[in-house]
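Hello,

Here is the structure I promised to pass on. Please look it over alongside the notes below.

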Amino acid sequence: MRAPRLAMTTLCVLAAGALFTACGGDSGTGESTASLAPARETRPAPPKSNFPSVEGRTLRQVLEAADGPAEAIVAPAAVVFYPGENRYPFGILDRDEGEIPDAEVALYYAKVPAPRPGAKAKAGDGGAIARPQAKALDRPAVGPFPAMIESLAAAPAFRSETSSDREVASVVYSTQLRFPSAGEWQIAAILEEDGELRGAVLPSAVVGEFERVPRPGQKAPIIHTPTTQDVGGDLSKITTRIPPDTQNKVDYAEALGKEPIVLLFATPEFCQSRVCGPVVDVAEQAKQEYEDKAAFIHMEIYNGNDPENGVRPQVRTFHLPSEPYLFTIDRRGVVRAAIEGAFGLELMHRAVDRALAR
């Protein structure tokens, strides 16, 4: 089951060379000055006791235990999942698609049954096989998994014009989901609205669908990334951020296997989401904080920075189905962190520190 299209969401998914929208710590430098503090602080997840217990309930029964259906839209911000523990980022929007930055929310999931071999379409289904996602609502629920709220705000000195737009996201919600196996899993949310608990059914997560995306512990692919020198100083050819970021001084291929690398795939202008500008700002701040301890590289998504030209070969080499996507790579060329979707400074610091520790 794929997510329905929304005009503004927190996820950009790459498909057939085009972009479509789907609905969906510790500092490594020791700096903690007020000038580098984000405007909105990260909030820890609320306690599990704030949400319905599964207590042998099905996913449908968990939703029925709420006070009614949610008015808000819970929009997933990742599509790459593996068996085991996964970070699950998402946004919450009101019906006018404005950001809700301070909700209390928890996720639940249940296994989607595999279609029976030779299953026939039912009358009235328009030729489609009966939806197994609906059957997942009557499977045992797992949860709750309360979500923390991660700030996406960089310090004022690092905020771009793109990120000053009032519609740009200021937070991302995230929790850790442990999927027991590959396959499809139906996701649901319980969130507080106006003092009541409300339920929402999210698009399902397909675990193991994108196995070619580099993972921590694997050797990083070899690519060349354009530098300031390559474009004769015309930074508009290699970054859509305004003003241009400074994460384009090093060719990835020249640094790979020699020094730690922080590689960010994102297009602030064209990803049509609320988060690409902020994550590039976060990386720009981290680059100054870490100084020369790692090579920071921002890689745009489209050939010639034009969506009509399809995605760049570097995106294809990393087999990315979505953006933004962050990789940190140690000096031996091994991936140490891979983060899909939005992230703030705290998660960025942890990811960079993993690369520096090797």
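Lysine 111 sits opposite tryptophan 185, a residue of E9. The model is predicted: local features need pLDDT of at least 70, side-chain atom pairs count only at pLDDT 80 or more, and totals for chains, interfaces and linings use all residues. Residues are numbered from 1 along each chain as its sequence is written, and side-chain values use heavy atoms, with hydrogens and water left out.

E5 and E9 pair antiparallel over seven bridges; pairing takes at least two DSSP bridges between two strands. Strands here are DSSP runs (E, at least two residues), as are helices (H or I, at least four), numbered from the N terminus. Tryptophan 185 also has a bridge partner in E11, alanine 205. E9 and E11 run antiparallel, joined by three bridges.

E10 (residues 196-201) is antiparallel to E9 too, with six bridges between them. Alanine 189 faces alanine 200 in E10. The two strands form a hairpin with two residues between them. Aspartate 194, in that turn, has a positive phi of about 55°.

Nine of the 11 residues of E9 are buried, so the strand is largely enclosed by the rest of the structure. Buried means under 20% relative accessible area (1.4 Å probe, protein chains only).

**Cores**

The largest nonpolar core has 27 residues. Such a core is a set of buried Ala, Val, Leu, Ile, Met, Phe, Trp, Tyr and Cys residues joined through side-chain atoms within 4.5 Å. Phe90, Tyr173, Phe179 and Ile187 have the most contacts inside it. E4 (84-93), E5 (105-111), E8 (171-179), E9 (183-193) and E11 (205-207) each give two or more residues to this core. A second, separate core has 25 residues, including Val279 and Ala351.

**The open sheet**

Four strands form an open sheet in the order E3-E4-E8-E7, with antiparallel pairing. E3 (73-76) and E7 (148-151) are the edges; each has a single partner strand, so one side of each lacks a neighbour in the sheet. E3 and E4 are joined by four bridges. Alanine 75 is opposite glycine 91 in E4.

**Helices H4 and H6**

The axes of H4 (residues 276-290) and H6 (residues 345-356) come within 10 Å and cross at roughly 50°. Axes are lines fitted to C-alpha atoms over the stretch in contact, with angles from 0 to 180 degrees between N-to-C directions. Contacting residues (heavy atoms within 4.5 Å) include Val282 and Tyr290 in H4, and Leu345 and Leu356 in H6.

Best wishes

How values were computed:
Buried means under 20% relative accessible area, exposed over 50%, partly exposed in between (1.4 Å probe, protein chains only).
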